[in-house]
Amino acid sequence: MSPPLSLLLPKTFIPFLSFRWPPPTRLSSVVTARTMTSQSNQRVFQLRQDPLTGTSEWIVIDENDEAGAPVTSTDGLLATTSYLDMLNDTRRNRAYRLAIEKTITEPCHVLDIGAGTGLLSMMAARAMGKGMVTACESYLPMVKLMRKVMHKNGMTKNIYLINKRSDELKVGSDIASRADVLLSEILDSELLGEGLIPSLQHAHDVLLVENPKTVPYRATTYCQLVESTFLCNMHGLQSNEARMSDGVRLVPPGLESLFGIKSQQYSMHVDAIEKEIKLLSEPVKIFEFDFWKRPESNGELDVHIEAINEGSVHAIISWWVLQLDSEGTIFYSTAPRWIEATSEIGVRDWCDHWKQCVWFTPGAGVSISKGEKVHLHAGHTCTNILYNLKKTQSLTHETTHSSFSTGDLQLTLPPERVAIYGDSMYRQSIFEATRNALQGKSDAKCLVIDDSLLLPLTALHISNGSRVISLSPGLQESAARYLEAIADSNSFSKDRLEYFREGKAKLTEAYPSKIDLLIGEPYYYGLESGLPWQNLRFWKDRTLLDPVLSKDAVVMPYKGVLRGCAMYLPDIWKSRCCLGSVEGFDHALVNTTLGGCGDLPSGKDSPCLPFFVWQCGETKKLSKEFTVMEFDFSKPIAGPCSGEVQIEFTKPGVCHGIALWMDWVMDKENSIVISTGPDERYWKQGVKLLGKPVTVGVEGISSIGIKASLDPSSNGELIITHTLC
């Protein structure tokens, strides 16, 4: 079985795709390009997306590029990844060092899969003195950085670095012989998502001796049944809609299978909702994966779990524990704090690269009584761990089916978007804003230019004479088929809704000066993990579509407002601060490339990164919320725009950075505002860390200046700077 595309990508949370060229066979259907390399010069094509237009461009990363390459080429590709967060995880680093020193006690051949900056490779080379380490890293920008780190630490002699995926290595051509020891850290929050199983399978089949030593030695996954209204809201849209009076049904009775979330685990810092969780079972051991032997591609397990409390199982929380040495004395755990606090492993510091995972149980959950047993069926593929929970006395699950033939249609959205659509306050704001915009427009032509599912239905419900044209640039045909499928249940005829397939250019020809209402939430499918102002794509699209608007057309939202707040963020700071020595190896030269904050060279600044701020450990607001700049959607983009503000600190403390977000003002009167700030838990905010933490208030710094600028004609990035006063 071929490894997934995620196996080939950097550890990143922004919309980048990268491919090494020439592409292996398994990628030939994904990308087509001319060969632009030779035997002596490796190149990578990386797909970079313009956040304002949604369009993408290929940039070329050349193996021989110097560090001072132009900013417009490859600068910043690693600055938004999780590499820095991992290297700041001191518990992880120490555990690997101790296990490597314990496992590698004499010269041998070591293979390091997914070498990153080379930390584990250098640990191995140092531990054995002589011998050889083969370091395998597929991502070219990281390969170039690793070479510099090895050179800085004088570790190039015994480390052979190969810019390939491990499943491309061949004994006799790439490496001289099979390796005696395997080092790896190709793990994600779920454990298997980065291709651990296929990588281990190929390594044991082709690259390792029989009975090799490995670090880690074993990984074990655990889970726990929980009740949580917050988690239930992230997938239980139907039950929430049943309590609403707006007349719109995204999940009509009988059509539940049309809409939902993907059946997969979702990473989350569950410690942030510990007080909102009711534990319904003890922790349960699920799967063991031994790194020292070839794993199976698939596995299944059935277990009966006894409830320790009465409640409804809304979700299954899972985590894993690494045993790094064969004797079982060195461990690393991603368990929630309520588990770690009672274990011998201890509590780790907050970090963002490995979270816990949440599996949502269908519908309103499974009701259980204290002492009752439920049946959990767990299975794993090469890349996922899946669950199915049922009561032991009733192992069949009946669902209501509609006479409508939906075929293979199932529209899936992120859990946060499902929760937003189930939020009564949000729905009320959307309903009132749409009703106000349609007032006096009996036969309005409404153009929905984003991926909203709620707005088309709301507009059709409010105005019986309206006609809605939907673009759905991200969801595309899936949205069109879905809206058609639920038309009857929402009491509108299908001919009142049109999905326009031919793009914005053709739209201006089809509807010149005919659109009465141009609307968006705004929500663009696929941008959920990005920075909040990437939804300013709405403004760009509105500008391109200006020719379709009638003379008195209404644009909703009326404007976007960039808002912010100075904050105490010690855990984010610690995870993103500049590196010095990491387990005895100098990593200072990676700080600028990996987007570190703190001790950076003059003229360098850390990037603004997306976070659910409420999940980021200890946090505290140190100022009032403030406005940095506004974006007037009633008018097309006229050119570059900027804004600045001076903020007074209202509370004493230590300021680590600024949280930034967008507020969407839905009407001209400013009466309906949808905020995406830190208090709204279903949206991510942008976090701009300061050059260094500063003491504020009382005898400390009293204010901070924030400037923001946007040039739509460039790369669409919002540039944010700060000045302490």
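First, the conventions. This is a predicted model, in which local features need pLDDT of at least 70 and side-chain atom pairs count only at pLDDT 80 or more, while totals for chains, interfaces and linings use all residues. Residues are numbered from 1 along each chain as its sequence is written, and side-chain values use heavy atoms, with hydrogens and water left out.

The chain contains 15 helices and 39 strands; these are DSSP runs numbered from the N terminus, helices being H or I of at least four residues and strands E of at least two. Of its 725 residues, 58% are buried. Buried means under 20% relative accessible area, exposed over 50%, and partly exposed in between, with a 1.4 Å probe and protein chains only. The accessible surface amounts to about 30000 Å², and carbon and sulfur atoms account for 48% of it; the method is Shrake-Rupley with a 1.4 Å probe, and for residues only the protein chains shown count as cover. Taking contacts between residues at least 6 apart in sequence, 77% join residues at least 24 apart, where contact means heavy atoms within 4.5 Å.

I turn to the helices.

How are two packed helices described? By the angle between their axes and the distance between the axes. For H10 (residues 424-438) and H11 (residues 454-462), the angle is about 50 degrees and the axes are 10 Å apart. Axes here are lines fitted to C-alpha atoms, for helices over the stretch in contact, and angles run from 0 to 180 degrees between N-to-C directions. H10 and H11 are therefore oblique to each other; angles under 35 degrees count as roughly parallel, over 145 as roughly antiparallel, 65 to 115 as roughly perpendicular, and the rest as oblique. On the H10 side, the residues that meet H11 include Tyr 426, Ile 430 and Phe 431, and on the H11 side they include Leu 454, Leu 455 and Ile 462.

The buried residues of H12 are Ala 479, Ala 480, Tyr 482, Leu 483 and Ala 485, and their cover includes S10, S22, H11 and S25.

Now the backbone. Most residues other than glycine have a negative phi, and most peptide bonds are trans. Which residue in the loop between H12 and S25 deserves mention here? Ser 491 lies there, with a positive phi of about 60 degrees although it is not a glycine. Ser 491 is exposed, at 69% relative accessibility. Asn 211, in strand S8, likewise has a positive phi, near 50 degrees, and is exposed at 68%.

Two peptide bonds are cis. The bond from Glu 521 to Pro 522 has omega near -5 degrees, and Pro 522 sits in the loop between S26 and H14. The bond joining Met 556 and Pro 557 is also cis, with omega about 5 degrees; Pro 557 is in the loop between S27 and S28.

Finally, Lys 285 in strand S13 is partly exposed, with a relative accessible area of 44%. Beyond residues up to four places away in sequence, Lys 285 touches Thr 220, Thr 221, Tyr 222 and Leu 301.
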